[in-house]
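Try each task before reading its solution.

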Amino acid sequence: MLGYIWFFLIITALIIGGVNGKIDAVVQSIVNSAQLAVEISISLIGVMAFWLGMMKLAENSGIITEISKLLKPITKRLFADVPPDHPAIGHIAMNFSANALGVTNAATPMGIKAMDELQKLNPDKKVATNAMCTFLAINTAGVQFIPASIIAILAAAGAKNPTVIIGPTFLSTLIALISAVTVVKILEKLPFFRQTASCHCEETQSVNEAIQKE
Amino acid sequence: MLHLITQTFDIFKHSFAGTLNLFSLWILPVFIVCILFTALYKKIPLYDTFIDGAKEGFSVGVKIIPYLVGILVAIGMFRASGAIELLAHALSPVLKLIGMPADILPLAIIRPLSGSGALGITTELAKQYGGDSYMARLAAVMTGSSETTFYVIAIYFGSVGISRIRHALIAGLVADIAGMLAALFICGLVFK
């Protein structure tokens, strides 16, 4: 899936860039974007290390499990394949709150910790689980109470009243969240997106045959 | 009537925004204090546990590099080729029907691909039309109500080494489209 979109982006870029006469810019962007990707990753390390350390303290002192238990009524439906008081739920909740409150630099390490916990429950380490997709869908809805950077942009452009966008933005993200959760729950049931993909069929088949023989 | 509602809404929003601002400023300090005292109370080796967790920071940072390079290079090439302008041009007759201004279209296309790109376009629109204009507000709400889905997917799935992401991208893009359409509708109702 991601492979095809990746292929599409690169090939369209090369064709359209060639037709537009912008092929030099396209080639130059390879160097620039690759460098940007490494810069982002490296610059994340420091703040990531700090928050991963803090999260370890929170985990070992039982805070994460406590949060997981607290949210059981909501999360047991959303993340049906995760045990309700699993630390993953606590990390997901913290990531959501951090994003909603606009503390992005803490939110990313929390989200990564959540993925790490979800990966421990994953039988196939290369393929995303339902819980992972649900978590990502909630995350990409981008719920936030104060879109600080955008308010700053409006203010910089001379807006007298830039905070008027807070209400509409919150409402829109809420609609995005509802749509994302609905879609992710429908799509996870479709055979096309089923987790056990074709490459495992032979394996399961041979296992089944072996069982039958016995 | 509608004016009265928006006015009361405005007053409420100002005190509300102030409280929220204060809250988001203090949430991290309070959170750190809570963690440290709970850990102290539970007699957990403070510094050792912190170091143990922080150790992973480096490996995670390095682990996401190939995923981020893959995604960001493809997006960078796509943007540099002028494909976004072309796509905006092709889509504009359809989107005019639902009341989406032509100038806002590049923003809608770039939003899931690049966060800095979306902020750049929002800045341009705000400068061009004025900070209190309908266009600036619409751009702001659209940017705020969606996420840089490709980046989020690259980082989170990259950090655990997952390459087969199943329906995550589609759900993420649906969230973006829903958020932006909601923004268009709500802004049309409130700001126009």
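**Exercise 1.** State how many residues line the largest pocket and which of them lie nearest its centre.

*Solution.* The lining of the largest pocket is made of 41 residues, and those nearest its centre are T104(A), G115(B), E147(B), T148(B) and Y151(B). Among the elements that give two or more residues to this lining are α2 (23-60) of chain A and α1 (2-41) of chain B, where helices are DSSP runs (H or I, at least four residues) numbered from the N terminus. By type, the lining residues comprise 18 nonpolar, 20 polar and three charged, with Ala, Val, Leu, Ile, Met, Phe, Trp, Tyr, Cys and Pro counted as nonpolar, Asp, Glu, Lys and Arg as charged, and the others, Gly among them, as polar.

This is a predicted model, in which local features need pLDDT of at least 70 and side-chain atom pairs count only at pLDDT 80 or more, while totals for chains, interfaces and linings use all residues. Residues are numbered from 1 along each chain as its sequence is written, chains are lettered from A and ligands numbered from 1 in the order in which they are written, and side-chain values use heavy atoms, with hydrogens and water left out.

**Exercise 2.** Find how many cavities of 30 Å³ or more there are, and describe the lining of the largest cavity.

*Solution.* On a 1 Å grid over the protein atoms alone, a cavity is a set of points where a 1.4 Å probe fits but cannot get out, whereas a pocket is an open set with protein on both sides within 12 Å along at least five of seven lines, and lining residues have an atom within 4 Å of a point. The count comes to one cavity, and the largest cavity holds about 40 Å³ of space, a volume being the space filled by probe spheres set on the grid points, which are joined across faces, edges and corners. Its lining consists of N95(A), F96(A), N99(A), I138(A), N139(A), G142(A) and V143(A), and α5(A) gives the most, with three residues.
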